[in-house]
Every structure is written in C-alpha cells, then in structure tokens.
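Here is a short walk through one protein model. Keep the sequence and the 3D view side by side as you read.

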Amino acid sequence: LNDGIFQGNEDLETIVLNPELMYVGSRAFIDSGLREVRYGQNGSERNKSSIISVGTEAFAGTAWYQQESVILGKLYLKFNNVGASSNFTLADELITSIESSAFENARLSIIDLSAAKNLTSIKAFAFKDSSVTSVVLAKSVTEIGRGAFMGCTALRTADLSETKITALSKDLFNGAKELLNVSLSEIGRAH
C-alpha cells in the first residue's frame with residue numbers, strides 16, 4: 001500500500017488485507033477511522049500474511065492502533081500500556097518479528113518471549129526506555145537490533161542463552177545501569 005493512501009479517511013473502519021500484500025507505506029492509515037484489520041476472504045487468514053515491512057506512522061491516530069497488542073500479520077508492531085499487568089508473555093506462534101520501538105516506554109517488569117516459537121527478529125530500539133527488569137528470549141531469535149534494550153535502567157537479567165544469536169548489536173544494553181546477569185548462547189559474542 002502506498003504512503004498516505006488512506007490518510008485522514010475517517011469513513012474507513014475495516015480493511016481486509018490480501019495475503020500477498022508485503023508492504024504498508026508510511027502514514028498509510030494515519031488519522032483514519034480504521035478500527036479493524038482482517039486477513040483474506042474469510043477475515044481470519046492471518047497465518048497467510050506476507051507483510052514484511054510497515055512504514056513509519058502507518059497506523060498512528062487510528063482506534064485500531066490503540067489496542068494493547070498491535071499485531072499486523074506476523075509482525076508485532078506496538079504494545080500499549082492499557083492493561084494493569086506488569087508482566088508480558090508472547091505466546092503467539094505466528095509472530096516472526098518485534099518491530100522497532102514496539103515496547104518503547106512500556107511499563108512492564110517481566111517480558112517472556114520464550115514461547116514465541118517463530119520469533120526470529122527483534123528490531124532496533126524495540127524495548128527502549130521500558131521499565132523491564134527481566135527478559136527471556138525465544139530459542140528461534142537470530143538477531144537483535146541496535147539498542148534494543150537501550151535506556152532500560154531497571155533491567156537486571158537478560159536470558160539470551162537459548163537463542164541462535166551469533167553477535168550482539170551496538171548499544172544493545174546501553175544505559176542498562178542495573179544489569180547484573182546476561183546469559184548468552186555458546187556462540188554469542190560482542191562485535
């Protein structure tokens with residue numbers, strides 16, 4: 001979908017995405033009336049989604065983007081602090097990526113991603129400035145983007161021991177001044 005294609009369209013409430021759709025452009029739905037995203041003919045074919053990229057502010061200002069967990073196809077786009085829980089467990093087996101800044105400033109203590117069997121990528125600044133104290137990553141994770149835990153001043157433990165990560169990205173734990181324990185896989189190394 002092109003940049004800004006439905007920007008400001010207040011009458012648009014539902015969109016049904018074609019499974020072949022790969023890209024949602026920047027500001028594609030910003031400030032529109034979007035409340036629901038469905039997949040395929042019957043509306044429940046999220047497992048067939050091919051979306052690999054979502055532009056900046058694609059859904060900003062929409063009701064759909066305000067729910068607690070914002071998931072588009074196999075991408076975890078955003079966590080909104082609407083619930084009272086301080087723990088977060090991701091058990092969605094379809095999620096392959098946690099997108100940039102998805103959990104930025106999140107008020108969570110414990111983040112457990114170990115059950116997300118197909119999660120391979122955690123993008124740059126995904127947990128930046130969140131209040132997380134402990135994080136456990138899934139076995140399937142192969143990459144963590146730059147500064148993913150930057151500014152997580154309360155982070156004390158990070159369990160990366162079961163991951164397939166071969167290198168640690170720049171600024172991964174920059175500003176995590178309380179960090180006491182990082183468990184790495186046997187092949188993990190800083191670069």
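This is a predicted model: local features need pLDDT of at least 70, side-chain atom pairs count only at pLDDT 80 or more; totals for chains, interfaces and linings use all residues.

Start with the open sheet. It has 5 strands, in the order E7-E9-E11-E13-E14, and their pairing is parallel. Two strands sit at the edges: E7, residues 87–89, and E14, residues 181–183. Each of these edge strands pairs on one side only. Neighbouring strands in this sheet are turned by 0° against each other on average, with direction ignored.

Now look inside the sheet at one pair. Strand E9 covers residues 110–112, and strand E11 covers residues 134–136. The two run parallel and are joined by 3 bridges. Within this pair, Asp112 stands opposite Val136 of E11. As a general point, side chains in a regular strand alternate between the two faces of the sheet.

Is Ile110 buried or partly exposed? Its relative accessible area is 38%, so Ile110 counts as partly exposed. The cut-offs behind that word are simple: buried means under 20%, and exposed means over 50%. Which residues does Ile110 touch, once its neighbours within four places in sequence are set aside? They are Ser86, Asn87, Phe88, Thr133 and Ser134. Ile110 can also be placed against Ala158, which is 48 residues away along the chain. The C-alpha atoms of Ile110 and Ala158 are separated by 10 Å.

Next comes an antiparallel pair. Strand E5, residues 69–72, pairs with E6 over 4 bridges. Strand E6 spans residues 75–79. Val70 stands opposite Lys78 in E6. E5 and E6 make a hairpin, with 2 residues between the strands. Gly73 lies in that turn, and its phi is positive, about 65°.

Gly73 leads on to Arg46, as the two are in contact. Where is Arg46 placed? Arg46 is in the loop between strand E3, residues 36–39, and strand E4, residues 53–54. Arg46 is buried, because its relative accessible area is 19%. Beyond its neighbours within four places in sequence, Arg46 has several contacts, among them Tyr39, Ile71 and Lys74. Asp92, Leu94 and Ile95 are also in contact with Arg46.

Asp31 is not a glycine, yet its phi is positive, at about 55°. Asp31 lies in the loop between strand E2, residues 23–24, and E3. With a relative accessible area of 45%, Asp31 is partly exposed. The other residue is Ser101, also not a glycine, with a positive phi near 60°. Ser101 is found in the loop between strand E8, residues 97–98, and E9. The relative accessibility of Ser101 is 31%, so Ser101 is partly exposed.

Go back now towards the start of the chain. Ile5 lies in the segment before strand E1, residues 14–17. Ile5 is partly exposed, because its relative accessible area is 41%. Ile5 and Ala58 are 53 residues apart in sequence. In space, their C-alpha atoms are 9.8 Å apart.

Finally, turn to the spaces in the model. The largest pocket has a volume of about 370 Å³. How many residues line this pocket? There are 17, and those nearest its centre are Gly55, Glu57, Tyr65, Leu77 and Ser100. By class, the lining of the largest pocket divides into 8 nonpolar, 4 polar and 5 charged residues.

A search of the whole structure finds 1 cavity of 30 Å³ or more. The largest cavity holds about 40 Å³ of space. Its lining includes Leu17, Asn18, Pro19 and Leu21. Tyr39, which is in contact with Arg46, also lines the largest cavity. Glu45, Lys48, Ser49 and Ile51 are on the list of lining residues too. By class, this lining has 5 nonpolar, 2 polar and 2 charged residues.

How values were computed. Residues are numbered from 1 along each chain as its sequence is written. Side-chain values use heavy atoms; hydrogens and water are left out. On a 1 Å grid over the protein atoms alone, a cavity is a set of points where a 1.4 Å probe fits but cannot get out, and a pocket is an open set with protein on both sides within 12 Å along at least five of seven lines; lining residues have an atom within 4 Å of a point. Grid points are joined across faces, edges and corners, and a volume is the space filled by probe spheres set on the points. Ala, Val, Leu, Ile, Met, Phe, Trp, Tyr, Cys and Pro count as nonpolar, Asp, Glu, Lys and Arg as charged, and the others, Gly among them, as polar. Two strands pair if DSSP finds at least two bridges between them. Axes are lines fitted to C-alpha atoms, for helices over the stretch in contact, and angles run from 0 to 180 degrees between N-to-C directions. Buried means under 20% relative accessible area, exposed over 50%, partly exposed in between (1.4 Å probe, protein chains only). Contact means heavy atoms within 4.5 Å.
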